[in-house]
Amino acid sequence: MQQAASGDAQSLVVASGAAGTSLARESNAATTQEEIDRKKAAEEAAARARASAAVAATPFDYGMVTPGTGVVRWPLGGPFTVGDRFGARGGAHMGTDMLAAGGTPVYAAVDGVVRISQDSYGAYGVAVVVESVINGQPVGTVYPHMRTGSRQVSVGQSVASGQLVGLVGSTGRSTANHLHFEVYIDGAAIDSLAWLQANAG
């Protein structure tokens, strides 16, 4: 057996002048799932911070009149860019993302009664929900992700179209300042941007 082992053995000849090389531990990383999750969460938090910082907060006159007139009005009192639209993210996106500067006034799109007004409404963060009846149809409008401390209305309060309800922010599950505007008719979500374009005065 020894002879067979000796015959099958492998050998390595190294020159006498060869220097040994040390391996640094930093060159390889054994990562646990917990470390991966922690790193991912830190990267996402940094991305949110960069996005929020990229949109400068702009002071607004709270007394300014919302654009438009009539039964239905645009919910933002300043310029915005449309982000994800209704039906995005594989059909899971129930509203229209209106990207605007932090502090932009958010107005009630229609007359109604405040059903929800909370600083922590789940993934919506600071949010207001208004229930209305237009031409005999129940209409719900949702105003999420507003700035902390900016809510101007309380549950049970009647609001008028164009009345200030809060300010654009990035609370809840949000990565940048925006209003995620939702509209429900008879309890069913509809394309809120198309609804505004068809009805807002």
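How much space lies in the second largest pocket? About 170 Å³. The model is predicted.

## Second largest pocket

The lining of this pocket has 13 residues; R115, V129, E131, G140 and Y184 are the closest to the pocket centre. Strands β5 and β6 are the elements that give two or more residues to the lining. The largest share comes from β6, with four residues.

What classes of residue make up the lining of the second largest pocket? Eight are nonpolar, two are polar and three are charged.

## Nonpolar core

The largest nonpolar core holds 27 residues. V106, Y143, F181 and W195 have the most contacts inside this core. Two or more residues each come from β5 (126-134), β6 (137-146), β9 (178-185) and α3 (192-199). In soluble globular proteins, nonpolar side chains tend to be buried together.

## Strand pairing around β4

Strand β4 spans residues 112-118. Which way do β4 and β5 run, parallel or antiparallel? They run antiparallel, joined by five bridges. In this pairing, I116 has V129 of β5 as its bridge partner. V129 is also one of the residues closest to the centre of the second largest pocket.

Strand β4 also pairs with β7, residues 158-159. Two bridges join these strands, and they too run antiparallel. Here V113 is bridged to S158 in β7.

Methods. Residues numbered from 1 in each chain as written. Predicted model: local features only at pLDDT ≥ 70, side-chain atom pairs only at ≥ 80, totals over all residues. Heavy atoms only, no water. Core = buried A, V, L, I, M, F, W, Y, C linked by side-chain atoms within 4.5 Å. Buried < 20%, exposed > 50% of the residue type's maximum accessible area, 1.4 Å probe, protein only. 1 Å grid on protein atoms, 1.4 Å probe; cavity = no way out; pocket = protein on both sides within 12 Å on 5 of 7 lines; lining within 4 Å. Points joined across faces, edges and corners; volume = space filled by probe spheres on them. Nonpolar A, V, L, I, M, F, W, Y, C, P; charged D, E, K, R; others polar. Pairing = 2+ DSSP bridges.
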